[in-house]
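Hello,

Here is the model you asked about. My notes follow the structure.

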Amino acid sequence: MIASEIIALILYGGVTGSIGSIVILLLYMLVESRRSHDNKDAGE
Amino acid sequence: MIDIVLTLIVLTILMVVWTILGIIGAKWVKSMSDYFLAGQRMSIALLTITILAAWESHYTVLAGGEAGYRYGLVGPIWYAVAVGGALIVLAVFAARIKQATPSGTISFPQFLRYRFSNAKVGNVNLFEQFTAWEILIIVTLSAASSTLGGAYVLQALTGMNFDISLLIAGIFYIVYSIYGGLYAVALVDVMQLGMIAILLPIVALYVSSSLGGIEGITTGLMKNAPELLGLTSTSVTWMYTFFLSLLGGTLAAPFLWQMIYASRNPRHAQISLVLSGIFFMPVALVCGFIGLAGRATGLNITPSAASPQVVANVLPPSLGLVYLLGFVAAAWSTFAANVNGNAAILMANVIAPYFLKEKSESKNLLVSRIVALIFGLLTIVIAKYAPGILWLLMFSYALRTPPVIPALIGLYTRRLGSWGAFTAALLGFIGSAIIYLYNSFYGTIAAWVIPIVVSLVFIIIGGEK
């Protein structure tokens, strides 16, 4: 049934996306800080 | 239900802990924000997290829940698309905004003053006064929705009478704003982001399993609100009103302009805004789902309080208390920022230049606190008579729209002069405010159409250089 599939999409899409986006952003921050450290090291 | 005395004790302890954390964090946050904002060193990830932390607030929890409860399946989806989409639309203008402003500009009102500085009477810069008063009105409306939200949460979880909940929520908010909320809003924002993006999905999963999973919720909706199961269950005018007011409010958000200025380059600002828009959407879906689940229960629920009422009815009291603490903490920081921001604007534009000619720090602080107290009390009165949280938020967003239209047009043509822009913003603001009180749809349309038409007329006939 289409309605229950949309509800499932709202719930599971929402849950996965919310937690996933925070994980992605934290990893991204980690990569960015590594890169800026590397750049500093290269500059020195 | 949670015991009322226990709730009050826990809230008081939370307020003290929050204030101490704020004082400890204030120095660190101040030096961090000076470093990043003044130095324009915000990286993509940091910018995105900062925007999300400010955007995912207690408003999202309540307004998303209300959208799901009122409009069924369409509610959460449209809420997610409208708010996320508005951030993505701002990305289109981000490069222009960054290029068109001198370095050192840190806010949208400052940009207006700089770009349209010729609108003056004597020594008074009209845009400066206009934006100051406009912000006072808009921010008081937003703060009132925080007070109303706090009242709904307290009422839902403890079973208290609404008026008493409103009074208690208001008093707690005001005391925190005056004593604790002067510190470290940014730090609290990040903690709030963690709560909403991680705790709320867990609450949503718990709610779903308590109501028999997706199957149980679908059956509940078929029984209690079958009309909300389709994707055409809501009126098109609601969708337009919602999208236009959110778009205007987002384009005019001083905080987002500040983030654009703080970015390293225009491309970073654009990518961060698009990422924030995309990452906001799932959180909005989760908030909307909780309201939708509330509709499936068939309980008699106040739409604006759908989220806390579902939690109160479905979650065990201990988890309900965690939700309450998370919610109140999130709402406190926003409320304190709003009320103290208003006090600062009134101090800088009216009280200090005209009434407080002698400069004394202790006197200034006392007057600021009195002004914050008055604004706080005002929010209780507005919250008492407002139709709902979504209404208050959308009204305040619609009212933000008029000044941003001439500002955006002014990014692309020099023919729009100071007086044209000022007239467009002022007429748009007054016109849309009056119309909105009678009809929200036409009010929102007016907030866009009046400034566009007036700006175009001035461009065609005037062409101020």
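**Core of chain B**

The largest nonpolar core has 165 residues, and those touching the most other members are A204(B), F280(B), A284(B), F289(B), A293(B), W332(B) and F422(B). A nonpolar core here is a set of buried Ala, Val, Leu, Ile, Met, Phe, Trp, Tyr and Cys residues joined through C-beta atoms within 7 Å. Buried means 20 or more other C-beta atoms within 10 Å of a residue's own; exposed means 12 or fewer; partly exposed is in between; C-beta atoms are placed from the backbone. F422(B) is in contact with F116(B), A119(B), L126(B), F127(B) and F130(B), leaving aside neighbours within four places in sequence. Contact means that the C-beta atoms of two residues, placed from the backbone, lie within 7 Å.

**Ground rules and confidence**

This is a predicted model: local features need pLDDT of at least 70, side-chain atom pairs count only at pLDDT 80 or more, and totals for chains, interfaces and linings use all residues. Residues are numbered from 1 along each chain as its sequence is written, while chains are lettered from A and ligands numbered from 1 in the order in which they are written.

The model scores ipTM 0.88 and pTM 0.84. Chain B averages a pLDDT (the predictor's confidence in each residue, from 0 to 100) of 83, and 91% of its residues score at least 70. Within chain B, confidence is lowest in helix α1 (residues 4–39), with a mean of 70. It is highest in helix α12 (residues 266–297), at 93.

**Overall build**

Chain B has 18 helices and two strands. Helices (H or I, at least four residues) and strands (E, at least two) are DSSP runs, numbered from the N terminus. The radius of gyration of chain B is 22 Å, close to the 23 Å that the globule rule gives for 465 residues, so chain B is as compact as a globular protein of that length. That radius is taken over C-alpha atoms, and the rule is 2.2 Å times the number of residues to the power 0.38. The C-alpha trace of chain B spans about 65 × 55 × 40 Å along its principal axes. Of the 465 residues in chain B, 55% are buried. Among its contacts between residues at least 6 apart in sequence, 83% join residues at least 24 apart.

Chain A has one helix and zero strands. Buried residues make up 23% of its 44 residues.

**Where the chains meet**

The contact takes 20 residues from chain A and 27 residues from chain B. On the side of chain A, 13 are nonpolar, six polar and one charged. Ala, Val, Leu, Ile, Met, Phe, Trp, Tyr, Cys and Pro count as nonpolar, Asp, Glu, Lys and Arg as charged, and the others, Gly among them, as polar.

**Local picks in chain B**

- A63(B) lies in helix α3 (residues 58–71). It is buried, with 31 other C-beta atoms within 10 Å. A63(B) touches I389(B), L390(B) and L393(B), not counting residues up to four places away in sequence.
- A91(B) sits in helix α4 (residues 74–100). It counts as partly exposed because it has 19 C-beta neighbours inside 10 Å. The C-alpha atoms of A91(B) and A269(B) are 7.2 Å apart, though 178 residues separate them along the chain.
- The buried residues of α15(B) include V371(B), F375(B) and I380(B). The buried residues of α15(B) pack against α6 (126–158), α7 (162–179) and α14 (317–355).

Best wishes
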